[in-house]
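Q: Please take a close look at one part of this model. I would like the local details first, then the setting around them.

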Amino acid sequence: MPASAPASPDGPAAAQAPWRRGRAVASGVLLVVGVVLLPLGLAATWARAELSRTDSYVASVAPLAGNAAVQDAVVHDVTDGVMAHIRLDGLLDAVPRAERPALRRHLTRGLRGFVDKQVRQVVTGRGFPAMWNGVHRAAHRTLDGSLAASGRSPVTLDLTPVVDRVRRQLSHNGMGLDLVHRVPRAGVEIVLLKAPDVPRARTVYRVVRTGALLLPPAAVLCLAGGLLLARHRRRALICAGLGCAVAAALLAATLALVRGRALDALPAVVSRPAAGAYADALTGPLLGGVWLLAGAGVLTAGLAAAGPPAARALLARRLARAAARS
């Protein structure tokens, strides 16, 4: 009787080994890609909402109307715009030429203090929040039109409503000086986006818009596919949850780094506290979503790690109690 043949190493288990390795690799790659894409999709969705939805943008910056740093910046800019149109030459004609420089400085300081006070009354008044929202609504519509069109028009924050209110405030100043007619009727504008930067911003906007549409569903599909392919799904779910939490924390750290560098790169004439308040107001919803994602990732990993054993222990305790009662 012939001896039995040795077991072939090329049996079913050996044939399935490459498939299992490929499945594990594919699962890991999909999970990593999904973990990376999820916070990026969140950032792209936020950026698209801020750039394309006027109501969302206005709602983000509306609280800044009561921010002290922003109010100081608006008062400074409007006061500079008013003072640039005030000339004292006619008031100094009767003064000896040698005394004119000192008197000019004295009058300029006094007039600036007076104008500053009038502007501050407008900026801290009850009607300023409505003006503030209207100014930003008009600026955002201009931005939206510039990004969607092909022109190179700059985007500005037109403070004309504030200047008009200052004109009415100065009309009752009682100083005997014709300041009202010296206030510029064209208002004061703050340049938000210079004309040469518009094409670059338009390119960024198109990338953001595409990313907001593609990245979130791609992240969800990658995470779902990675979990379905994983042999140890509970372990994969733990890794995916912790990975999402780490990716969200890295995005928050990146936002803080970019904020600091952007503020450091601002010109000296720009108020750093006001710019920081703007940055915090605009990125507030994004940071809220980032930390929500981090918390959800940690919670998912914790439940996945403690879920099945805890459920089995709870079931065992209930069965033991039922057996003890019977």
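A: V25 is exposed, because its relative accessible area is 54% and the cut-off for exposed is over 50%. The model is a predicted one. V25 lies in helix 1, which spans residues 12-52. Together with V29 and V33, V25 makes a nonpolar surface patch of about 230 Å². The accessible surface of the protein comes to about 19,300 Å². Carbon and sulfur atoms hold 64% of that surface.

Now the buried side. Of the 326 residues, 33% count as buried. F128 and W132 are both buried. For W132 the relative accessibility is 3%, and buried means under 20%.

The protein has 2 aromatic pairs. In one, F128 and W132 have ring centres 5.8 Å apart and planes at 45°, so this pair is tilted. Both residues sit in helix 5 (residues 128-148), 4 residues apart, or about one helical turn. W132 also pairs with Y278, again tilted, at 6.1 Å centre to centre with 40° between the planes. This pair links distant parts of the chain: W132 belongs to helix 5 and Y278 to helix 9 (residues 272-325), 146 residues apart.

The protein contains 9 helices and 2 strands. From the N terminus, the order is α-α-α-α-α-β-α-β-α-α-α. Among contacts with a separation of 6 or more, 82% are between residues 24 or more positions apart.

Notes
Residues numbered from 1 in each chain as written. Predicted model: local features only at pLDDT ≥ 70, side-chain atom pairs only at ≥ 80, totals over all residues. Heavy atoms only, no water. Patch = residues over 30% accessible without salt bridge, like charges linked within 9 Å, V, L, I, M, F, W, Y side chains within 5 Å. Areas by Shrake-Rupley, 256 points an atom, 1.4 Å probe, with all protein chains shown as cover. Salt bridge = Lys/Arg side-chain N within 4 Å of Asp/Glu carboxyl O. Buried < 20%, exposed > 50% of the residue type's maximum accessible area, 1.4 Å probe, protein only. Contact = heavy atoms within 4.5 Å. Phe/Tyr/Trp six-rings, centres within 6.5 Å; stacked < 30°, edge-to-face > 60°.
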